[in-house]
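Student: Can we go through this model together? I'd like to start with the overall picture and then pick out a few local details.

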Amino acid sequence: MKNFRINLTMTKFILLYSLYFGFVLNIPIISRLMDITADSNLGLFVYSAPLLLTCAFVVIFSLFALPYFAKPFFIIVVISSAAACYATLKYGVLFDYSMIENVIETNSGEVISYVNLSSMSYLFFAGIVPAILIALVRFNTQEPLLTRILKRIVLIVVAIVISLLITVCFYKDYASVGRNNSYLNKMIVPAHIFNTFKYIKNEVFTEKLAYKPQGEDAMLSPAKNSKPTLMVLIVGETARSMNIGYNGYARNTNPYTQDMGMISFQDVSSCGTATALSLPCMFSNLNRSNYNKSRANSQDDVLDVLKHANVGVLWKDDDGGDKSVAKGVNLISIDANKKTDLCNGESCYDEVLLKTFDDDVAKMPGNKLIAMHLIGSHGPTYFKRYPHQQELFTPSCNKSDIENCTDEEIVNVYDNTIAYTDYVIAETIKKLQGYAKDYNVALMYMSDHGESLGEKGLYLHGTPYTFAPKEQTHVPLFMWLPQQYADAKGIDKGCLMAKAKQGTFSHDNLFHTLLGLYGVDSNVINPRLDITASCRL
């Protein structure tokens, strides 16, 4: 190994490392700048960007060029940066705080879904090979310490001077492009390192808030027919509103429920663009405008309020985690590691949630709500979300590196997941219909966020909400209410159907509407956010 060592001074290493980040790992932002300025005369400005980034990295990386710390730090940064560069380049992913939260809280099944020849090749050549070279570097310390310090200072000063010159020459261009495209700073690699430290600081080193109960006064109003209530809440994953047949999509992606009297709300927006943010937000009584994860996790959510009203609550999860929304109720997590007719050892088809449905109902006394968290349309391995025999739209993209599929194949495979979710909803309704003699039965479905399928160069989801396209922020919301349920709870179905067509709603409505629809009274309910409040008979 000694014969393969690379002798470098720390100063030369910082310069080379910075050049690699400025000119190679930040290709996504450079490419984006080229696209933005394609119709202008800003060519020199664009070419100055990698040099400006390099100068900035010289200053930043110099702060971490410490004995015994530098090598492991720079190895971790370069490997993770190669992965971030690939995700940004191929899918348009921006690694802001929310995305880091989503990445850290994901499960192994989701991580594996991104493993393919394309991503692994990129990670190897852009991350692993440079990391090996860094490991082989032997920092030259033969020069006197004072000389090495002076050279480091000179390098930093030169970098600052070049940065100032570039800024002076192109100030107007940077100000104009930056002001009109403020998301660009989120594309800089390795911004994910900063947001990762920020996440760890908030989650590990910040004192938790005192727990705040909510809705302890909750009481369930007796049904007019005296029957107990059995409701299913289905939490969808990555379903977007514009691909729902009920919402005007050209394709019928709701073939299984189309004759079941589903009420579909046409204009519903999500709280976030990723599960880690949307799920705790939509179940809390916090609005998107004032949502705070620490606060949401330190107080009762809508499931807890239902418990206060003596409603039995069960959460069944097929999506790798409840994001703490089911912390106070019974929880069943589907074990995707087992290979069965519905599970392949990595993930399970959502139909698996219905296998023990009858036993679940039998074990829960009185009024009950069963929440089913679907894996739904989670990408990029869309083709693994439904059985092959239920593929309705072809040709479909049956691989994880979706960037190598045609637009038609991507839309087809995604629509197949939407149709399969419709099948799961229909099968759940059939189950509920079997209990209608003994219960007032109903079903509600709401997706956590949408998905980009290549529109504007974006794939998947997780784009910062301010810049996110409607494909990622508009989600389906369905209600299935038999007339028996509506009569027992005093709800005007015609009124709800009219509101579904004309109203504008969001995840802010879920907390209050679920309680109102179930028939719970509590001071914690805001009637303005309860969709059913103005449809009472």
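Predicted model: local features only at pLDDT ≥ 70, side-chain atom pairs only at ≥ 80, totals over all residues.

Student: How many helices and strands are in the protein chain?

Tutor: The protein chain has 18 helices and 15 strands. Its radius of gyration is 27 Å, close to the 24 Å that the globule rule gives for 537 residues, so the chain is as compact as a globular protein of that length.

Student: And what does the C-alpha trace span along its principal axes?

Tutor: About 90 × 55 × 50 Å. Of the 537 residues, 53% are buried. Taking contacts between residues at least 6 apart in sequence, 77% join residues at least 24 apart.

Student: Next, helix 5 and helix 10. Are they roughly parallel or roughly perpendicular?

Tutor: Roughly perpendicular. The axes of helix 5 (residues 97–104) and helix 10 (residues 275–283) cross at roughly 90° and come within 8 Å. Angles from 65 to 115 degrees count as roughly perpendicular, which means this crossing falls in that class.

Student: Which residues meet there?

Tutor: From helix 5, S98, E101 and N102; from helix 10, T275, A276 and L277. By class, that contact has two nonpolar, three polar and one charged residues.

Student: Changing topic: where is S506 found?

Tutor: S506 lies in strand 14 (residues 505–506).

Student: Buried or exposed?

Tutor: S506 is buried, at a relative accessible area of 14%. Leaving aside neighbours within four places in sequence, S506 is in contact with V268, S269 and M446.

Student: What does the side chain of S506 reach?

Tutor: The backbone nitrogen of D508, at 3.1 Å.

Student: Now the backbone. Which peptide bond is cis, with omega near 0°?

Tutor: The one from G379 to P380. The peptide bond from T394 to P395 is cis too, with omega near -5°. P380 sits in the loop between strand 9 (368–373) and helix 14 (407–433), and P395 is in the loop between strand 9 and helix 14 as well.

Student: Why mention those?

Tutor: Because most peptide bonds are trans, and most residues other than glycine have a negative phi.

Student: Which residue other than glycine has a positive phi, near 65°?

Tutor: S226 is one of them. S226 is in the loop between strand 3 (219–220) and strand 4 (229–236), and S226 is exposed, with a relative accessible area of 66%. N310 also has a positive phi, of about 65°. N310 belongs to the loop between helix 12 (302–308) and strand 7 (312–317).

Student: Is N310 buried or exposed?

Tutor: Exposed, at 67% relative accessibility.

Key:
Residues numbered from 1 in each chain as written. Heavy atoms only, no water. Axes fitted to C-alpha atoms, helices over the stretch in contact; angles between N-to-C directions. Helix = DSSP H or I, 4+ residues; strand = E, 2+ residues; numbered from the N terminus. Parallel < 35°, antiparallel > 145°, perpendicular 65-115°, else oblique. Contact = heavy atoms within 4.5 Å. Nonpolar A, V, L, I, M, F, W, Y, C, P; charged D, E, K, R; others polar. Buried < 20%, exposed > 50% of the residue type's maximum accessible area, 1.4 Å probe, protein only. Polar contact = N/O pair within 3.5 Å; in protein donor to acceptor, adjacent residues only side chain to side chain. Rg over C-alpha atoms; globule rule 2.2 N^0.38 Å.
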